[in-house]
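Please look over the sequence and the model shown here before reading on.

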Amino acid sequence: MNDDSPVQRPGSILLAATPIGDAGDASARFIRALGEAEVIAAEDTRRLLALASRLDVRINGKLMSLHDHNEAERANRVVSLAEDGARVLLVSDAGMPTVSDPGFRVVRAAVERGVRVSALPGPSAPVTALAVSGLPSDRFAFEGFLPRKEGEARSSLRSLSDDPRTLIFFESPKRLNETLVRMAEAFGGSREAVVCRELTKSHEEVLRGDLNALIAVTAGEVLGEITIVVAGYRGGGNAEDHVMAVLALAEEGMRLKEAAAEVAEATGLRKNDLYKAALRRRDAAREG
């Protein structure tokens, strides 16, 4: 492909990564694709127009919204436009479409109908956070947002407690502290983690430490886009690190011995050690 040829083939869908903060991270190919596309399916058309203005790009194609609430009904329409020969560009508000963002249903429908799908690589919050975290990056898992319901969130974290991979999460700033508390309950407060806030923006901040330390420094008001990176399970540890997980299960109605057994299975620790540690912590709380 020479410099004068279009970025995108006719009759195809192109997933394009958008800047996660600094508009200057937009690639030259992305800027060209914005001007060349006949159809642009955007998570938020107003935000896309604002980005185009900052990039000094004129959008010539038809704009349509494609977000979590309408993707199911619009996916086939987007694919049909490509089948009819249009260059369809698909963008989300920040980062790569389909990665905790709309686009998956469109890609599945395109694959099933034999429509070409390609991607314009670019900024990605999970990968950027992993890169700056200083935590092992040879094996990692992106978990996105945890369930909103407390019980489901705790259950999800418990299922990950013995995962050896580095774990990456998105979180709302309003729920950051309580999520870190739940992580400490599931993983142990001494598990190393990193909180990345406002990546690539002027107020970028990277907080490092174990989960207990991060809980302490995020107790007040926190603003901005948040990505959490947590070290994977490395074995070892002690019962005291996982007492809160046992007590959390007991608060949900499980017998203390059963709760200790479940956490023991997830962490590899001895059930009796966990049970005794939980008893001590519970008795101390009652006495206090």
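The structure is a predicted model, in which local features need pLDDT of at least 70 and side-chain atom pairs count only at pLDDT 80 or more, while totals for chains, interfaces and linings use all residues. Residues are numbered from 1 along each chain as its sequence is written, and side-chain values use heavy atoms, with hydrogens and water left out.

The structure holds 18 salt bridges, a salt bridge being a side-chain nitrogen of Lys or Arg within 4 Å of a carboxyl oxygen of Asp or Glu. One of them joins Arg 154 to Glu 185, with the closest N and O atoms 3.3 Å apart. This pair links distant parts of the chain, since Arg 154 lies in helix 6 (residues 150–159) and Glu 185 in helix 7 (residues 176–187), 31 residues apart; helices (H or I, at least four residues) are DSSP runs, numbered from the N terminus. Both Arg 154 and Glu 185 are buried, where buried means under 20% relative accessible area, exposed over 50%, and partly exposed in between (1.4 Å probe, protein chains only).

Arg 154 also forms a salt bridge with Glu 252, the closest N and O atoms being 3.7 Å apart. Here again distant parts of the chain are linked, for Glu 252 sits in the loop between helix 9 (243–251) and helix 10 (256–267), 98 residues from Arg 154 in helix 6. Glu 252 is partly exposed at 41% relative accessibility, whereas Arg 154 is buried, with a relative accessible area of 11%. Through salt bridges that share partners, Glu 150, Arg 154, Glu 185 and Glu 252 are joined into one network.

A further salt bridge pairs Arg 108 with Glu 112, whose closest N and O atoms are 3.9 Å apart. Because Arg 108 and Glu 112 are four residues apart in helix 4 (residues 104–112), about one helical turn separates them. Arg 108 is partly exposed at 41% relative accessible area, and Glu 112 is exposed at 61%.

Helix 4 also packs with another helix. The axes of helix 3 (residues 71–83) and helix 4 come within 8 Å and cross at roughly 40°, the axes being lines fitted to C-alpha atoms over the stretch in contact, with angles from 0 to 180 degrees between N-to-C directions. Helix 3 and helix 4 are therefore oblique to each other, a term for angles that are not under 35 degrees (roughly parallel), over 145 (roughly antiparallel) or 65 to 115 (roughly perpendicular). In the contact (heavy atoms within 4.5 Å), residues including Ala 72 and Val 79 in helix 3 meet residues including Phe 104 and Ala 109 in helix 4.

Notes. Helix = DSSP H or I, 4+ residues; strand = E, 2+ residues; numbered from the N terminus.
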